[in-house]
Amino acid sequence: MLNNPVVKSIIYGRVILIFLLLVIQLFLFLAFFIWLEPYTKYFFGSGVIVSLLFLTYLFNSDGKNEYKMAWMLPVMVIPFFGIGLYILAHLEDMPKEIKKQLKLWKQERECIISRPDFVNAPVPEPQIEDIVSYLKNEAFYPPYANTDILYYPNGESSFPDMLENLSHAKKFIFIEYFIINSGFMWDKILSILIQKAAEGVEVRVMYDGFGSAAISPVSYEKYLKSLGIQAKAFIPLVPVIAAYLNNRDHRKICVVDNEYAFTGGINISDEYINKARNQNFYWKDTVIRISGRAVRSFTGMFLELWDLINNVSENQDWYLEQPCKSYSVPGIAIPYSDNAYNKKDIAENVYLYVISQAKKYVHITSPYTVLDNQMMTTLIFAAHRGVEVSLLVPRHIDHYITFCTGRTFIKTLIDNGIRVYEYTPGFIHSKMFISDDTTAVVGSINLDYRSLYNQFEDAVFMYKCPVIACIESDFIETKARCAEITPEVYKKSPAMRRIVGRVFRLCAPLL
């Protein structure tokens with residue numbers, strides 16, 4: 001039942017709450033008409049004045065215009081409830097403990113990035129000096145040369161290597177995933193973690209309290225701790241409406257001994273390795289494994305978020321300075337993360353950089369396509385200046401409202417020369433950007449507001465790494481199993497989907 005698209009839309013969408021409040025206010029309006037009819041004109045008059053004053057404040061505040069536009073509908077239609085909901089959503093944007101830890105987090109990152117081995121390290125590729133400078137100065141993640149990167153075109157091909165690397169751990173294992181569900185995949189991993197913990201290996205597991213709701217996050221912490229495994233759920237859900245509950249940990253990270261790090265689109269659940277689906281439905285995802293000094297960025301990512309949710313500050317030096325193998329591999333790799341609270345739009349800016357720098361092509365895979373104006377403009381401008389822009393999306397519906405809304409954006413893209421293809425064998429969940437045979441990004445970041453602004457995410461930016469050829473080759477092979485969405489195909493889509501999409505596009509930033 002949890003995999004039902006309608007159920008997922010209800011669970012994952014804040015918009016449902018807004019519409020429930022809209023219904024409540026309609027009933028209250030009816031009560032005003034019946035019981036307070038003599039005062040109706042005063043009620044509406046005050047509502048108009050309050051709405052105008054609030055909208056004046058809203059459009060002079062910081063933030064993206066489309067996000068402000070999304071709030072116009074509830075504020076203008078139901079002013080008092082709309083304004084009340086806005087205040088409720090922004091009154092406490094994060095717990096005080098997190099605010100405190102974020103200051104320490106920033107100080108730690110600045111301290112790490114200021115070490116001599118980072119400051120004095122030359123950038124062997126001057127063509128990307130701008131994005132290197134951006135990620136180093138704004139996100140505090142440095143570039144690394146000589147990084148060995150393996151690409152896995154699906155979850156099941158990465159799983160054996162993950163198990164093997166976990167089984168050879170000697171010092172520590174860090175696991176952080178949006179979803180951990182019981183089943184074949186987690187059982188295999190957990191058995192190794194239990195064994196390693198018994199051997200004295202430090203094992204930490206972190207999972208999102210919402211994405212992993214099926215395992216009862218808080219009680220599962222106690223279970224894992226009873227097995228010798230340190231565990232923590234990221235912001236468990238509570239029966240209170242608070243803005244920070246929408247800021248989830250969507251990252252997918254597995255670190256072994258500061259020597260290997262896995263990331264990509266897969267979570268720890270059987271469908272991601274095609275163990276839970278029938279033979280006629282295939283879950284297409286991607287994973288990369290990095291080896292070398294670049295792994296320590298992932299080690300740092302994990303420890304920082306672990307400290308954040310545990311409200312502690314531990315010294316990371318021992319973990320970050322663990323020796324690792326040396327490689328002689330061309331290219332530059334920059335592991336990086338973005339979070340819901342830094343207000344820097346790092347995840348989107350890296351994607352925009354890849355698109356804007358492309359000269360020949362940009363190839364993208366994403367399960368969701370709820371785009372902001374800047375992303376839409378940059379994609380369309382790339383197509384108009386002669387860059388081949390191709391996007392692979394699912395045909396299968398995951399979240400109904402998000403799917404329908406995303407299709408309206410796809411309609412705009414294909415009308416402006418961007419080629420969009422539906423993955424027909426099942427569901428495509430990978431999140432990748434590839435351009436010009438030189439640049440690629442693989443990680444957990446979807447093309448939607450939630451990933452780009454509201455969640456903790458991670459990815460790896462790669463430039464002139466040999467693995468990019470493998471990533472591009474897999475894109476071409478995957479596209480061959482897709483069907484193109486042309487204007488004619490879009491017109492044949494069910495009318496209800498198009499109606500739902502157009503209605504909910506009004507409040508796309510809230511999805």
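1. Strand β7 (residues 260-264) and strand β9 are joined by 5 bridges and run antiparallel. In this pairing, glycine 264 has valine 287 of β9 as its bridge partner. Note that the model discussed here is predicted.

2. Strand β9 also pairs with strand β2 (residues 148-152), again in the antiparallel sense and over 5 bridges. Here tyrosine 152 is the residue that stands opposite valine 287.

3. Are the residues of β9 buried or exposed? Of the 5 residues in this strand (residues 287-291), 5 are buried, so β9 is largely enclosed by the rest of the structure. Val287, Arg289 and Ser291 point one way from the strand, while Ile288 and Ile290 point the other way. The residues on both sides are all buried, including Arg289 and Ser291.

4. Leaving out residues up to four places away in sequence, serine 158 touches Tyr152, Phe262, Ile266 and Val287. The C-alpha atoms of serine 158 and isoleucine 273 are separated by 8.7 Å, although the two residues are 115 residues apart along the chain.

5. Strands of a sheet pair through backbone hydrogen bonds, either parallel or antiparallel.

6. Strand β11 (residues 361-365) pairs with strand β15 (residues 432-435) in the antiparallel sense over 4 bridges, and valine 362 has serine 435 in β15 as its bridge partner. With strand β12 (residues 388-394), β11 pairs in the parallel sense over 5 bridges. Tyrosine 361 has glutamate 388 as its bridge partner in β12.

7. Where do the side chains of β11 point? Tyr361, His363 and Thr365 point one way, Val362 and Ile364 the other way, and all are buried. Because 5 of the 5 residues of β11 are buried, this strand is largely enclosed by the rest of the structure.

8. The largest nonpolar core has 96 residues, and the members that touch the most other members are Tyr336, Phe461 and Met462. Helix α12 (residues 295-310) gives the most to this core, with 9 residues. A second, separate core has 41 residues, among them Phe178, Ala197, Ile268 and Phe427.

9. What does tyrosine 336 touch? Not counting residues up to four places away in sequence, its contacts include Leu135, Tyr141, Met301, Ile346, Val350 and Phe461. Glu457 and Asp458 are also among the residues touched by tyrosine 336.

10. The structure holds 16 salt bridges. One of them joins aspartate 208 and arginine 248, with the closest N and O atoms 3.1 Å apart. This pair links distant parts of the chain, since aspartate 208 is in strand β4 (residues 202-208) and arginine 248 is in the loop between β5 (230-234) and β6 (252-256), 40 residues apart. Aspartate 208 counts as buried at 0% relative accessibility, and arginine 248 counts as buried at 1%.

11. Lysine 225 and glutamate 221 form a salt bridge at 3.8 Å, N to O. These two residues are 4 residues apart in helix α11 (residues 217-226), so they are separated by about one helical turn. Lysine 225 is partly exposed at 48% relative accessibility, whereas glutamate 221 is buried at 9%.

12. Arginine 296 and glutamate 321 also meet in a salt bridge, at 3.4 Å, N to O. Arginine 296 lies in helix α12 and glutamate 321 in the loop between α13 (317-320) and β10 (332-338), so the pair ties together parts that are 25 residues apart in sequence. Arginine 296 is buried, with a relative accessible area of 5%, but glutamate 321 is partly exposed at 43%. Elsewhere, salt bridges that share partners join Glu176, Asp249 and Arg251 into one network.

13. On the surface, Met496, Ile499 and Val503 form a nonpolar patch, with about 270 Å² of accessible area together. Valine 503 is in helix α20 (residues 495-505) and is partly exposed, with a relative accessible area of 39%.

Technical notes:
Residues numbered from 1 in each chain as written. Predicted model: local features only at pLDDT ≥ 70, side-chain atom pairs only at ≥ 80, totals over all residues. Heavy atoms only, no water. Core = buried A, V, L, I, M, F, W, Y, C linked by side-chain atoms within 4.5 Å. Buried < 20%, exposed > 50% of the residue type's maximum accessible area, 1.4 Å probe, protein only. Contact = heavy atoms within 4.5 Å. Pairing = 2+ DSSP bridges. Patch = residues over 30% accessible without salt bridge, like charges linked within 9 Å, V, L, I, M, F, W, Y side chains within 5 Å. Areas by Shrake-Rupley, 256 points an atom, 1.4 Å probe, with all protein chains shown as cover. Salt bridge = Lys/Arg side-chain N within 4 Å of Asp/Glu carboxyl O.
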